[in-house]
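Here is a short report on one protein chain. It moves from overall contacts to the sheets, then to single residues and the open spaces.

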Amino acid sequence: MRQLIIDEAPDKKGLIKISGDNFHYLRQVLRVKCGSMVNVRLKNGELFQTTVAKISDESKKIVLQLCNGFSSDEKVNAKNVTRGVQSQNIEKEVEQNIEYTLLQFLPRAQKFELIVRQATECGIKNIVPVIGEYSEKSSIASMSQNKTERMERIVKEARQQSGSPIQTVLQPLTSLEAAIENFSKNSLCLVLYERTEFSENLFEVLKKNISSSQLKNDSCRKICIAVGCEGGISPDEISVLREKGLFHSIHFAVNILRCETASLYGIAAIQSAVSEILAGGKNV
């Protein structure tokens, strides 16, 4: 389900005035016309369904009209310009009340942008870039510069494209020790490792720590996933993660994956396994 993310709620008349980049997104990407229906989400996660009431290509402005009585649980009209998974199906994932954090050892800038985009589409709440032993100095210097606006735009575009209700946050670049201190507490922590040393079975770790009845326990509401950069994660860093951060080392017996592929593969595998366990699946 594609969506438009805005800062301000509809006015008292139920109108939303669109201009700037949001006008371009609706007109050039979604190609809306008068009468088209558009799902609009506020930054706090609230979802509205609207109708395009007016378009002015000269002034580059669009007026959206809030549909009366719409809620995210209602069925989206088949003529809606959005496509993909519908809103009510996406919201069910949020109801599981699991917050995902990605600790990403910093790769090259272009690859990191792709990882941020894909992690946002997957519904990751926090993306934490970590300075790793194998992180290149040029990548660290690039992240240290002011790229906030560009990264925020990447996150917003990914949320609009995917329809994610999760307000993904890209955290500041940090050291491994600081990341562990800030994001591993009260979390089920997993590190994806290309070697088999210290490896544990993913399904056994998840089943032991997560179940529908255990979701009431705060320690089971957060899952932290650590993924290496080019060159992977060093043995010393694995030791730090396992000893200080209490991370479970997970090894996937697959082909050698690029870091941007490994992040997406790992997130998808873990989220799928968690969903099966919460649903009481017999295949895990």
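In the protein chain, 75% of the contacts with a separation of 6 or more are between residues 24 or more positions apart. Contact means heavy atoms within 4.5 Å. The model is predicted: local features need pLDDT of at least 70, side-chain atom pairs count only at pLDDT 80 or more, and totals for chains, interfaces and linings use all residues. Residues are numbered from 1 along each chain as its sequence is written, and side-chain values use heavy atoms, with hydrogens and water left out.

**Overall make-up**

The protein chain has nine helices and 13 strands. Both are DSSP runs numbered from the N terminus: helices are H or I with at least four residues, strands are E with at least two. The chain holds 284 residues, and 46% of them count as buried. Buried means under 20% relative accessible area, exposed means over 50%, and partly exposed lies in between (1.4 Å probe, protein chains only).

**The five-stranded sheet**

Five strands make an open sheet with mixed pairing, in the order β1-β3-β4-β5-β2. Two strands pair if DSSP finds at least two bridges between them. β1 and β2 are the edge strands, and each pairs on one side only. From one strand to the next, the twist averages 40°. Helix α1 packs on this sheet and touches β1, β2, β3 (37-42), β4 and β5. The direction of α1 makes about 165° with that of β1. Such angles run from 0 to 180 degrees between N-to-C directions, and axes are lines fitted to C-alpha atoms, for helices over the stretch in contact.

Inside the sheet, β4 (residues 47-56) and β5 (residues 61-66) run antiparallel and are joined by six bridges. Thr 50 has Leu 66 in β5 as its bridge partner. The loop between β4 and β5 contains Lys 60. Lys 60 is not a glycine, yet its phi is positive, at about 55°. Arg 31 is another non-glycine residue with a positive phi, near 55°. Arg 31 sits in the loop between α1 and β3. Its relative accessible area is 61%, so Arg 31 is exposed.

**A covered strand**

Is strand β10 (residues 188-192) mostly covered or mostly uncovered? It is mostly covered, with five of its five residues buried. Leu 188, Leu 190 and Leu 192 are on one side, Cys 189 and Val 191 on the other, and both faces are covered. β10 pairs in the parallel sense with β12 (residues 222-227) over four bridges. Leu 188 stands opposite Ile 223 in β12. β10 also pairs in the parallel sense with β13 (residues 248-250), over three bridges. There, Val 191 stands opposite Ser 249.

**A buried glutamine**

Gln 118 belongs to helix α3. It counts as buried because its relative accessibility is 19%. Setting aside neighbours within four places in sequence, Gln 118 contacts Glu 260 and Leu 264.

**Cavity and pocket**

Both kinds of space are found on a 1 Å grid over the protein atoms alone. A cavity is a set of points where a 1.4 Å probe fits but cannot get out; a pocket is an open set with protein on both sides within 12 Å along at least five of seven lines. Lining residues have an atom within 4 Å of a point. Points are joined across faces, edges and corners, and a volume is the space filled by probe spheres set on them.

One cavity of 30 Å³ or more turns up in the whole structure. Its lining consists of Ala 109, Phe 112, Glu 113, Ser 142, Met 143, Lys 147 and Met 151. α3 (109-121) and α4 (137-144) each supply at least two of the lining residues.

The largest pocket is lined by 39 residues. Nearest its centre lie Lys 43, Glu 149, Glu 152, Arg 153 and Lys 156. The elements giving two or more residues to this lining are β1 (4-6), β2 (15-18), α1 (20-29), α5 (148-162) and β8 (169-170).
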